[in-house]
Amino acid sequence: MNHPIFRNLILLLILTGFSAYLLGAGEDEWKFEVLHRTTGLPFYGLLISESPNQAVFKCIVRKPGSPTLVFTENFEKSTILKIDRLPEPERILLAAKLDSLAKERERLANTLRSLDPKSIAGKNPIEYVKLEKAIWPASKKDNAFSYSSQYFTLVTNSRPEMAQLAAIQLEQVYSAYARTLPPRRINIKPTTILLTNSVEGYHAILKNSAINIKNPAYFDLSKNQIICGSDLDRLSTSQEEISSFHAKQLQDLLKRENDLKLLYKNKIPPDLSASLLDSRKKIKQADDGNLEMITKERKRLFKRLYHEAFHAYLSCAVFDPREGEIPLWLNEGLAQIFEAAVFEIGELRIGHADKTRLDYVKLALNQNSLPTIKDLLTSQPALFLVYHPAEKETSQRMYFASWALAFNLAFKQKVLGKQVLDDYAKALKNGGNPIDCFEKLTGKPLQDFEKEHQAYLKGLRLDGISNNGISNGK
């Protein structure tokens, strides 16, 4: 798996990780402005704008050997103690570095669309993370790659390009978890993430583990392990073969065009010229279709990884199962929010409403088929799992209803990272009545909250703002 890409990589010292806040983020050549809050740890980055009521701050988190994480936050002036500003020349330099990083990220997204090393080597530089050689745990003999971080250890028998991309994306999404739900546990054991290079490999692991589920990925709490299958290697190999075939076709078309030019003295008849043009268009359409298929599959893969990684982070870094545990519906709902995270040239954003889920929820509300909050609070774990295709519809309804309620709690009620959520988890762990505990979490009778929740969902827009209740979605 020694692809030409490794001879052309340009090492960028790009950094991330929640621990950077504790270490004084960016202990290298980057200099930052520092926003000190009245409560909580400071943020390092660049002040973008400010008004009498708020400041817009681009936060930057850097840790050696990991990708840079950049995210924009709006801070109310009442929450800001002070801002340590950089001299203007250094502000300009930092802004230029951020602009350069954004362009590199954009090129990374474009060139890795197909995960084809031939399309990368010798062209645009990409971000590099250090991969270690490893043995594939499932076979105990095949070669693999590994990447270790604060919260996870990635092990994959997929291509090195795939391993790099997975490491970069996982680093960023774990940092987003830590931002939204700061770790509470002191001794955090990293989760092992096994990313297989084929769907068959994934099913083989399930079979050997005697696990009979239809879900495309899962988190094993007892082993602190995520298993996720990917068909990207097969699709990428197929795409390379198709691209090579198309390249030969284009060469043949060019030769035919040159022959026709000689024959007709550079005046090719319109019907023959149109035929050549049509053939080229068909080849391009086929190539674009293959790339689109691979891009969609890659997005589905990372959504699965983000989803299961959130479950792992919650149990390993936030809630000690011995002391408190959030219910399955909320766990699944929050995981779906992070699953739909958007990466925009280096920035991760959450708080927008996923269109597919929002459309489903609104239709279900109109048809009076969306599970109620009481249904969620009293639901059994089996309703979320798919052991048989006939159970898929019920599982989907529960997942979407969980997403809707979790979205409300996260962005309207703003309970994430608050003591009230810890109290809720502990009360449930101690055997509290699910409805009573939820009413204490929201401060309202369930019937009243249900009415407000439905009104909130009916007015919810894709930007995360509801016409019947404003959220802080970003």
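User: What follows helix α9, and what is its phi like?

Analyst: In this predicted model, α9 is followed by asparagine 368. The phi of asparagine 368 is positive, near 60 degrees.

User: How far apart are the end C-alpha atoms of α9, and what span should the helix have?

Analyst: Helix α9 covers residues 355-366, which is 12 residues. At 1.5 Å a residue it should span 16 Å, and its end C-alpha atoms are 16 Å apart, so the two values agree.

User: Which residues of α9 are buried?

Analyst: The buried residues in α9 are Arg357, Leu358, Val361, Ala364 and Leu365. Seen down the helix axis, the buried residues fall within an arc of 135 degrees, so they line one face of α9.

User: And which exposed residues sit on the face turned away from that buried side?

Analyst: That face of α9 carries Thr356 and Asn366, which are exposed.

User: Let us turn to strands. How do β1 and β2 run, and how many bridges join them?

Analyst: Strand β1 (residues 33-37) and strand β2 (residues 43-50) run antiparallel, and three bridges join them. Within this pairing, glutamate 33 stands opposite glycine 45 in β2.

User: What lies between the two strands of that hairpin?

Analyst: Five residues lie between β1 and β2 in the hairpin. Glycine 40, in the turn, has a positive phi of about 90 degrees.

User: How many bridges join β1 to β5?

Analyst: Four bridges join β1 to β5 (residues 80-84), and these strands also run antiparallel. Histidine 36 has lysine 82 in β5 as its bridge partner.

User: New topic: cysteines. How many disulfides are found in the whole structure?

Analyst: A search of the whole structure finds zero disulfides. For background, a disulfide is a covalent bond between the sulfur atoms of two cysteines.

User: Is cysteine 316 buried or exposed? What about cysteine 437, buried or exposed?

Analyst: Cysteine 316 has 12% relative accessibility, so it counts as buried, since the cut-off for buried is under 20%. Cysteine 437 is buried too, with a relative accessible area of 9%.

User: Where is glutamine 172 found?

Analyst: Glutamine 172 is found in helix α4, which covers residues 160-180. Its relative accessible area is 2%, and therefore glutamine 172 is buried. Glutamine 172 and valine 70 are 102 residues apart in sequence, while their C-alpha atoms are 8.9 Å apart in space.

User: Which helix holds asparagine 331?

Analyst: Asparagine 331 belongs to helix α8 (residues 328-339). At 15% relative accessibility, asparagine 331 counts as buried.

User: Which residues is asparagine 331 in contact with, leaving aside its neighbours within four places in sequence?

Analyst: Asparagine 331 is in contact with Phe310, His311, Leu314 and Ile326. As for serine 402, which is 71 residues away along the chain, its C-alpha atom is separated from that of asparagine 331 by 8.5 Å.

User: What about the whole chain: how many helices and strands does it have?

Analyst: The chain has 14 helices and 13 strands. Of its 474 residues, 49% are buried. Among contacts between residues at least 6 apart in sequence, 68% join residues at least 24 apart.

User: What is the mean pLDDT of the chain, and where does pLDDT stay under 50?

Analyst: The mean pLDDT is 81, and 83% of the residues reach 70 or more. Over residues 113-127 pLDDT stays under 50, and the model has 52 contacts beyond four places in sequence for this stretch. Residues 470-474 also have a pLDDT below 50, with 20 contacts in the model beyond near neighbours in sequence.

Notes:
Residues numbered from 1 in each chain as written. Predicted model: local features only at pLDDT ≥ 70, side-chain atom pairs only at ≥ 80, totals over all residues. Heavy atoms only, no water. Expected span 1.5 Å × (residues − 1). Buried < 20%, exposed > 50% of the residue type's maximum accessible area, 1.4 Å probe, protein only. Arc of directions from axis to C-beta. pLDDT = per-residue confidence, 0-100. Contact = heavy atoms within 4.5 Å. Disulfide = S-S within 2.5 Å. Pairing = 2+ DSSP bridges.
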